[in-house]
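Hi,

Here is the structure I promised to send over. Have a look at it first, and then read on for my notes.

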Amino acid sequence: MVTRLSAADASFYHLENSSTPMYVGTLSILRRPRSGLSYETLLAAVEQRLPQIPRYRQKVREVSFGLARPVWVDDREFDITYHIRRSALPSPGSDAQLHDLVARLGSRPLDKSRPLWEMYLVEGLTKNRIAIYTKSHQALVNGMTALEIGHVIADRTQKPPEFGEDIWIPGREPGDAQLLLGALGEWVTRPTAQLAAVRSTLTDAVTNTGQLVDVARRMADVARTVARGTAPSSPLNATVSRNRRITVAGHDLDDYRTLRARYDCDVNDVVLAVVAGALRYWLMSRGEPVTTTSTVRAMAPMSVYPDGELDVTGPGQAISEVSPFLVDLPVGEGNAVVRLSQIAHATESASTAASLVDARTIVTLSGFAPPTLHAMGIRVATSFSARLFNLLITNVPGAQKQMFVAGTKLLETYAVPPLLHNQTMAIGVTSYNGMLYFGINADRDAMSDVDVLPGLLRESLDELLDSAR
């Protein structure tokens with residue numbers, strides 16, 4: 001089936017560059033079963049789920065002369081063994097080695113002549129563990145008709161459900177002439193829309209500098225956000241190189257719930273306060289000037305639930321929207337509780353009725369939703385100018401029970417969000433099975449000290465816990 005990319009998807013597809021690839025990344029750590037998790041087992045598990053994510057067997061075809069947005073077409077040469085690969089860590093197989101591997105894999109461009117995703121089974125990890133790293137192009141995941149692959153391959157029971165036989169017959173791929181005729185036909189029937197599409201292709205009108213979606217529909221949002229002014233000067237903002245550093249942290253979710261109850265706020269507020277404290281200590285460790293009024297502005301998209309719960313989700317629970325939210329993190333405030341209070345006040349006063357980006361709704365959350373929700377948060381963030389905030393923080397809820405991938409226990413899960421234009425760090429936070437997992441993606445050159453962040457996050461959390469006692 002041939003379908004045209006939406007304006008937002010086409011923007012992600014066309015306007016990324018080698019230093020800021022628009023991939024949604026997830027690093028999953030699993031307990032290695034006695035018999036191991038074979039490459040063939042993983043292949044079969046993913047192949048069974050492909051009917052739920054048809055985009056993962058489609059590639060992008062561009063239209064001659066840019067007369068219309070590109071189209072999705074079935075990849076008649078689809079080879080799952082090209083997309084799912086096997087890797088192994090050299091001895092001793094440390095977490096640091098794994099993070100270096102993920103950083104390198106995340107820096108590599110995807111082959112645009114094929115479906116825009118890759119998955120790596122990584123063996124040789126210490127403590128009887130294995131890892132799966134996936135990356136999907138942002139154009140591939142819109143949250144409604146297209147979910148992220150990690151969303152559908154996780155199960156709530158060790159025995160995967162039965163799937164019927166998948167008989168996939170790829171559609172005939174249109175030739176260049178057919179695509180051109182289709183574009184000309186749309187020029188006749190929808191000239192205004194086609195003119196807009198060509199303008200966005202020939203110019204950089206649709207970029208992550210603020211216009212990934214229809215300008216008229218976004219005008220109110222942009223006006224409201226621009227009123228905040230550009231983000232404060234920060235070492236978090238510099239030219240981004242092609243190379244990355246990855247680091248992670250894990251915290252007990254109960255600690256965050258304790259602070260939520262003690263200070264009458266949301267778990268999301270506590271997460272932001274912990275990040276604010278860590279950034280304060282990081283700036284001071286660099287000798288950066290930190291005054292009482294210093295702030296770091298974060299884009300922290302919010303997942304909004306019908307019942308108002310932000311930290312727990314279950315199978316079939318609905319999310320009504322993923323909403324943009326800019327928050328000034330008070331890194332100049334020396335008192336951890338005051339930092340939390342200021343953030344809680346900011347989030348409480350934020351309107352959850354703000355206009356939302358395209359593909360903002362996920363009707364139900366079956367499977368394991370965090371990878372898709374992180375993708376939606378990134379989509380929200382890139383609809384605004386990167387000059388309006390210093391860094392991206394996506395924080396999404398996951399299942400609070402044990403999950404399995406191909407019958408193997410999922411121990412930990414880390415989002416690896418992309419770096420945006422001139423932003424040297426991005427943080428993805430995922431709650432899962434009683435833990436909060438921080439995935440930190442950073443520019444290798446500008447953030448050579450990113451490895452200190454996990455320790456600083458721990459210090460910031462302990463400071464709040466000590467104050468609550």
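Predicted model: local features only at pLDDT ≥ 70, side-chain atom pairs only at ≥ 80, totals over all residues.

Let me begin with strand 7, which covers residues 129-137. This strand is mostly covered, with nine of its nine residues buried. Arg129, Ala131, Tyr133, Lys135 and His137 point one way from the strand, while Ile130, Ile132, Thr134 and Ser136 point the other way.

Strand 7 has a partner in strand 2 (residues 23-31): the two run antiparallel and are joined by nine bridges. Within that pairing, arginine 31 has arginine 129 as its bridge partner. Strand 6 (residues 117-125) also pairs with strand 7, again in the antiparallel sense, over seven bridges. There, tryptophan 117 stands opposite serine 136. Strands 6 and 7 form a hairpin with three residues between them.

Lysine 127, in the loop between strand 6 and strand 7, has a positive phi of about 60 degrees although it is not a glycine. Is lysine 127 exposed or buried? It counts as exposed because its relative accessibility is 67%, and the cut-off for exposed is over 50%.

Alanine 406 also has a positive phi, near 55 degrees. This alanine is found in the loop between strand 17 (403-405) and strand 18 (408-416). With 14% relative accessibility, alanine 406 counts as buried. As a reminder, most residues other than glycine have a negative phi, and most peptide bonds are trans. The bond from serine 91 to proline 92 is cis, with omega near 15 degrees. Proline 92 sits in the loop between strand 5 (84-88) and helix 4.

Now for the cavities. The count comes to six cavities of 30 Å³ or more, and the largest cavity holds about 160 Å³ of space. Its lining has 17 residues, and the closest to its centre are Tyr23, Gly106, Arg244, Val416 and Asn441. Strand 2, helix 4 (95-107) and strand 9 (244-252) are the elements that give two or more residues to this lining. Helix 4 gives the most, with four residues. By type, the lining of the largest cavity divides into ten nonpolar, five polar and two charged residues. Domain 1 (3-155) and domain 2 (234-468) each provide at least three residues of the lining.

Notes
Residues numbered from 1 in each chain as written. Heavy atoms only, no water. Buried < 20%, exposed > 50% of the residue type's maximum accessible area, 1.4 Å probe, protein only. Pairing = 2+ DSSP bridges. 1 Å grid on protein atoms, 1.4 Å probe; cavity = no way out; pocket = protein on both sides within 12 Å on 5 of 7 lines; lining within 4 Å. Points joined across faces, edges and corners; volume = space filled by probe spheres on them. Nonpolar A, V, L, I, M, F, W, Y, C, P; charged D, E, K, R; others polar. Domains from an automatic or database assignment.
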